[in-house]
Amino acid sequence: MVGDGNPVVTGTRIDDPDASTWETATGNDPAGMLVPLPVSVREEQAPTWHHAVILDHRPIGDRYRFLRVHAPSIAVGTRAGQFVMITVARDNDGPVLPRPMAVYRTDLVGGTLDVVYGVQGQGTSRLASFTPGERLLVVGPLGRGFHLSPRTSHALIIGRGVGICSLSMLASDCAARGTGTHVVLSARSREALLGAQDFRSWGIRDLIESIDTEGTSDPAHLHRHLLGQLDEQPPEQIFTCGSERLTRVCTVLGQRWGAEVQVSVEAHMACGLGYCHGCASGAPGTASESPLVCTDGPVFRWEPDTRALAGTSPQVR
Ligand SMILES: Cc1cc2nc3c(=O)[nH]c(=O)nc-3n(C[C@H](O)[C@H](O)[C@H](O)COP(=O)(O)OP(=O)(O)OC[C@H]3O[C@@H](n4cnc5c(N)ncnc54)[C@H](O)[C@@H]3O)c2cc1C
Ligand code: FES
């Protein structure tokens, strides 16, 4: 699962070898680093585990599945942009590594948390075979989520594909707080578009649907559209997940408007807890290890940078 299929974050630096014609032709190709958010905005609740009963599990749209589990101790501490690790194994299955999933929504009264996922490989295929009443081992809340500044009066949220699931609680928080919020939701097709109905029901009124098959999702179109709508009264913070190309639109607009850009990124994760270091966003050849996506992220702040880093790793969803 990887956003729109062409993203690469190199080390903690966004470095897109397939920079689109929009970026190269317009010079909209700012080099940047993804840096951890300050420790002062770290999430407070330590992770806990729960043998969570599945309450609801069904397909949504043509690509995704909705999963609701009962996990009150996790739901109560989960903040926007955090994730859980789900072990997808029944009692008689052998050892299996858990899979990371963003928390789409929580219900504190019912003690539930929702996840929306796409079937990719073995783990998610097996997850799709679980039925209501069965249990899953869920660990969370994990990672450092989005930080919505109390000073922010206007926010822009841009999500694509399953990356939208990392932004849903943030949109709901913005609406609840009365923050003026523009949202762009992007997908390959209308049938694959996640969240639009939910976001509207939470109170998001300014919502743009940006769809490949309708020709409304390319960066040039979106950049133009957002400039037209927001240039006079720009947002102070921009939040994104799900696409390298849309992240670039965010960074270009962020630079123009002096707005902070926060990006949720993805990496392969074995533990999600900071133990295995498999998710280090690594820059080979450097003395110190790069941030861990699971504990220093998955949300990072984008900062302009011109340094050339040779490295590999986490992928922007
Ligand atoms: C913080 C975080 C939050 C996530 N939230 C969601 C979510 O809300 N919904 C959702 O559908 N998915 C989400 N994912 C991705 C999800 O964890 C993977 O799709 C899942 O682990 C794949 O497991 P699998 O066993 O089905 O596939 P595998 O058999 O492990 O992999 C199938 C294919 O997908 C690739 N792949 C697997 N995991 C990743 C990854 N992390 N990054 C890039 N490529 C990968 C593999 O290389 C392989 O090509 C999230 C990942 C992270 C790190
Ligand atoms: S997944 Fe193990 S340290 Fe991040």
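Reader: Is Leu194 buried or exposed?

Author: Leu194 is buried, because 28 other C-beta atoms lie within 10 Å. A residue counts as buried if 20 or more other C-beta atoms lie within 10 Å of its own, as exposed if 12 or fewer, and as partly exposed in between, with C-beta atoms placed from the backbone. This is a predicted model, in which local features need pLDDT of at least 70 and side-chain atom pairs count only at pLDDT 80 or more, while totals for chains, interfaces and linings use all residues. Residues are numbered from 1 along each chain as its sequence is written, and chains are lettered from A and ligands numbered from 1 in the order in which they are written.

Reader: Where is Leu194, and which residues is it in contact with, leaving aside neighbours within four places in sequence?

Author: Leu194 is in the loop between strand E12 (180–187) and helix H5 (196–201). Helices (H or I, at least four residues) and strands (E, at least two) are DSSP runs, numbered from the N terminus. Beyond those sequence neighbours, the contacts of Leu194 are Gly61, Tyr64, Val116, Val162, Ile164, Cys165 and Ala187; a contact requires C-beta atoms, placed from the backbone, within 7 Å.

Reader: Turning to helix H6, which residues are buried?

Author: Pro219, Leu222, His223 and Leu226 are buried in H6. Seen down the axis of H6, these fall within an arc of 100 degrees, so they line one face of the helix; the arc is that of the directions from the helix axis to the C-beta atoms.

Reader: And what does the face turned away from the buried side carry?

Author: That face of H6 carries the exposed residues Arg224 and Gly228.

Reader: Which residues touch the most other members of the largest nonpolar core?

Author: They are Val84, Val138, Ile157 and Leu170, in a core of 73 residues. Such a core is a set of buried Ala, Val, Leu, Ile, Met, Phe, Trp, Tyr and Cys residues joined through C-beta atoms within 7 Å. Helix H7 (residues 244–257) gives the most to this core, with six residues.

Reader: What is the bridge partner of Val84 in E7?

Author: The partner of Val84 is Met101. Strands E6 (residues 83–87) and E7 pair in the antiparallel sense over four bridges, where pairing requires that DSSP finds at least two bridges between the strands.

Reader: Finally, which peptide bonds are cis?

Author: A cis bond joins Gly140 and Pro141, with omega about -5 degrees. The bond from Gly297 to Pro298 is also cis, with omega near 10 degrees.

Definitions and conventions:
Two residues are in contact if their C-beta atoms, placed from the backbone, lie within 7 Å.
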